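Hello,

Here is the structure I promised to pass on to you. Could you have a look at it alongside my notes?

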Amino acid sequence: MMSMSKKVIAVMAALVLALSMALVGCSSGTPSTDTGGATDTTADLKLLKEGVLTVGSDCDYPPFISLEGEKPVGFEYDLLEVIAADLGLTLEYLPPQSFDTLITAVQGGGKMDLAVSSLTINDERKESVNFCTPYFDSNQACVTLASSNYTKASDFEGKTVGAQSGTTGFDWAQENIPGATVKPYNQTSEGLAALQAGSIEALFFDAPIAEYQLQTNYPDMKMIEVIPTAEQYGFAVSKDNPALEKAVNDSLKKLIDDGTYAEIFKQYFPNLEPSIK
Amino acid sequence: MKHSTAARALRPAVALVAVCFLVLGLFLALPAHDAFALTTDRTTAKSNEDGGKSVIGGDPTRLSWEGTVGADETVSSITLEFPADCRLADDAYVKVQEIIMDDPARPVHDESIVYTEELTPESLTLEFANGLRANNKVIVQVYGFILPAVSGDYAIGVSYVDGTGASHDLGDSPAISAVAITTTQRIVNWLSEQEWVQAWNSVKFLNIFLNPLWIVASIPNLFFGWLRSIGLVLLGFPLAIPVGLGISFLRMSKLRVLRFISSIYVNVIRGTPLFLQIYIAWFGLPLLGIKPPDYALGFLVLAMNSSAYLAEIFRAGIQSIHKGQFEAASSLGMNGAQTMFFVIIPQTIRRVLPTMTSEFILLFKDTSLLAAVGVFEMMNFAKISVNVSGNMTPYVVAAGYYLLVTLPLIRAISVFERKLAASDGRETPSDSKKKGKGDDKDEGSGENTAPQTKRVGLFKTIAPLSAVDAQPSPGITPEQHDSQ
């Protein structure tokens with residue numbers, strides 16, 4: 001009897017151990033084995049780990065970056081992969097980070113070298129971090145239920161709308177819709193669920209993501225206005241690491257010039273022409 | 001007929017008048033529609049209230065004006081006339097974006113924009129070397145712009161020069177509402193000029209986590225969020241008590257069906273995270289057509305969750321009362337309900353008070369989970385502040401506000417426990433101290449503070465019972481009164 005319960009405990013302990021190892025495994029990625037040769041060029045990059053580019057992302061922005069199982073996929077993921085390969089670095093993704101902590105995490109240092117999450121380059125954020133050169137043109141979108149009678153963003157005066165916490169969509173709604181209550185959500189997908197549930201009348205987020213989400217996952221919604229904010233996405237890096245910023249910029253320029261960028265772009269946006277040149 | 005001839009004679013006159021009106025109407029309508037090569041889309045200012053939503057006069061903000069160039073038109077110059085008494089910060093600057101609207105679904109920057117600017121506190125004049133092209137949108141932003149320090153509505157006057165060199169006046173754009181500077185903001189501004197604050201903030205950690213400016217700004221801002229969090233728990237917890245008590249009775253019922261149903265309720269709620277329950281309530285119920293207001297749903301979910309924990313606490317408390325108490329009560333001729341309400345429950349309350357208090361603390365902290373579904377409680381206020389500022393200090397202030405409630409209650413728990421131990425004749429303060437930290441919702445927490453075996457108290461309780469009529473609450477003995 002005693003040995004029986006001991007066995008049970010041993011099995012459970014093994015399970016817990018295996019589980020915790022699996023959890024650690026998913027956040028640490030595959031360690032690099034081949035950094036030789038690249039060390040000359042990357043030595044002056046102040047990276048958290050030698051030869052590894054540690055990236056933080058919200059992973060909730062298809063088709064830019066989202067999770068497939070535990071692995072991030074998407075345009076931004078592919079682009080960064082090529083950039084990292086060009087710099088002789090291995091990519092390592094942190095588990096999904098809350099979007100509204102990304103800028104502070106990059107600014108504070110010690111957690112990630114670079115943040116990618118369809119981050120709009122703007123002057124407010126530039127006070128905290130630096131941005132690499134833009135890699136995508138974007139705008140804001142106003143999304144409602146397909147069954148609603150709203151036709152434009154200004155219809156929501158005094159109404160309850162939503163946006164992801166910390167996004168330019170949130171700021172836009174807060175500044176431009178008089179009297180509206182703007183509810184913050186941790187993730188855009190939570191905002192979409194809230195819209196579906198009727199807790200908010202409209203959701204404000206990036207137009208390219210809205211386009212994709214509405215087409216693939218939310219046929220019961222419609223985009224009633226593209227708000228021409230002409231935002232541009234950029235990777236956020238610490239102000240203390242200008243070397244990394246320059247390396248990424250140089251690499252991005254090279255990829256745009258040699259057509260690799262356009263190739264990846266076409267893969268995700270077959271109907272569009274890349275507007276970044 | 002005479003009448004008909006008169007009408008016929010009048011007909012050309014009517015037609016003439018109608019034509020006149022039509023021409024006049026066209027004349028009036030056309031210019032209004034086409035005369036301006038530029039229209040104002042919106043004029044706004046970014047909120048500069050730390051942690052708030054308003055635009056404060058006398059403090060730098062970011063002014064934003066958006067316009068659209070008409071079809072087949074160009075614009076070579078735009079002038080924005082600012083209201084009187086506006087000022088510019090030392091680091092004020094202008095940012096102009098021209099946006100190509102050829103594809104309305106995908107507006108993009110026009111990188112080729114070339115302009116010169118002349119920024120004064122009175123006006124901003126922009127000259128576009130290549131002109132703004134037809135249908136394009138233009139966004140003009142003035143950073144470090146200071147509206148007058150008196151609350152009021154301020155309109156920006158807009159004029160422009162079109163492609164032919166003709167000047168046009170668009171008149172005033174929609175006004176921006178500004179409020180007078182708040183006391184908090186005044187303190188923040190004063191602090192930001194102090195040398196020690198600047199030195200303090202030059203250390204990255206202190207700046208990001210303990211920024212004095214954000215401590216001052218967050219205290220009043222989070223206060224209302226704090227009240228809302230307290231409100232949620234003050235509505236939820238009292239509701240959870242009777243529900244929990246009822247369920248604990250069902251759990252001890254002689255009927256198997258009732259025991260079964262209540263144990264499902266308790267186990268499902270205790271076996272799933274509150275976070276998940278909140279999600280289901282928020283995203284699931286509305287799909288069934290149930291859309292209660294946020295706060296109502298908030299405290300109901302909290303109450304439901306807490307009632308399951310309280311049910312177990314009460315059940316353990318009641319079952320910990322010695323059998324002798326029931327026997328003594330029935331020997332005095334009390335029926336089941338009388339025994340429960342006059343003998344058992346009064347004793348139970350004393351025993352479960354510490355555990356109940358820690359359940360209250362847990363529930364208060366759990367109100368923060370409601371932030372995830374957009375309920376405006378303290379955590380959400382803090383989150384918005386953090387996003388606006390890129391500074392973590394509001395979270396630290398929020399922690400302070402939570403502690404303001406929880407620390408005195410934690411203290412109260414140990415007082416309750418000491419009293420309980422004393423009245424039980426068990427002077428073991430070290431034991432009770434250990435229990436005070438029972439901050440986890442584990443199954444045994446109820447039983448811990450309500451020991452299963454009890455000997456003392458039988459006679460104590462019986463003594464006043466003999467005088468049921470004289471004393472309204474026979475469960476509390478004179479000795480216990482002394483100790484309370």
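Below are some notes on the contact between the chains and on one surface patch.

First, the conventions: this is a predicted model, where local features need pLDDT of at least 70 and side-chain atom pairs count only at pLDDT 80 or more, while totals for chains, interfaces and linings use all residues. Residues are numbered from 1 along each chain as its sequence is written, chains are lettered from A and ligands numbered from 1 in the order in which they are written, and side-chain values use heavy atoms, without hydrogens and water.

Chain A brings 39 residues to the contact and chain B brings 42 (heavy atoms within 4.5 Å). Together they bury about 3400 Å², 50% of it from carbon and sulfur atoms (accessible area lost on being put together, 1.4 Å probe, summed over both parts). Of the area that chain A buries against chain B, A:Asp123, A:Glu175 and A:Pro228 supply 17%, more than any other three residues.

Seven salt bridges link chain A and chain B (a side-chain nitrogen of Lys or Arg within 4 Å of a carboxyl oxygen of Asp or Glu). In one of them, B:Arg62 pairs with A:Glu175, with the closest N and O atoms 2.9 Å apart.

On chain B, B:Val257, B:Phe260, B:Ile261, B:Ile264 and B:Val268 make a nonpolar surface patch of about 490 Å² (residues with over 30% relative accessible area and no salt bridge, nonpolar side chains joined within 5 Å; areas by the Shrake-Rupley method, only the protein chains shown counting as cover). B:Ile264 is partly exposed, at 41% relative accessible area (between 20% and 50%).

Best wishes

Key:
Patch = residues over 30% accessible without salt bridge, like charges linked within 9 Å, V, L, I, M, F, W, Y side chains within 5 Å. Areas by Shrake-Rupley, 256 points an atom, 1.4 Å probe, with all protein chains shown as cover. Buried < 20%, exposed > 50% of the residue type's maximum accessible area, 1.4 Å probe, protein only. Buried area = accessible area lost by both parts, 1.4 Å probe.
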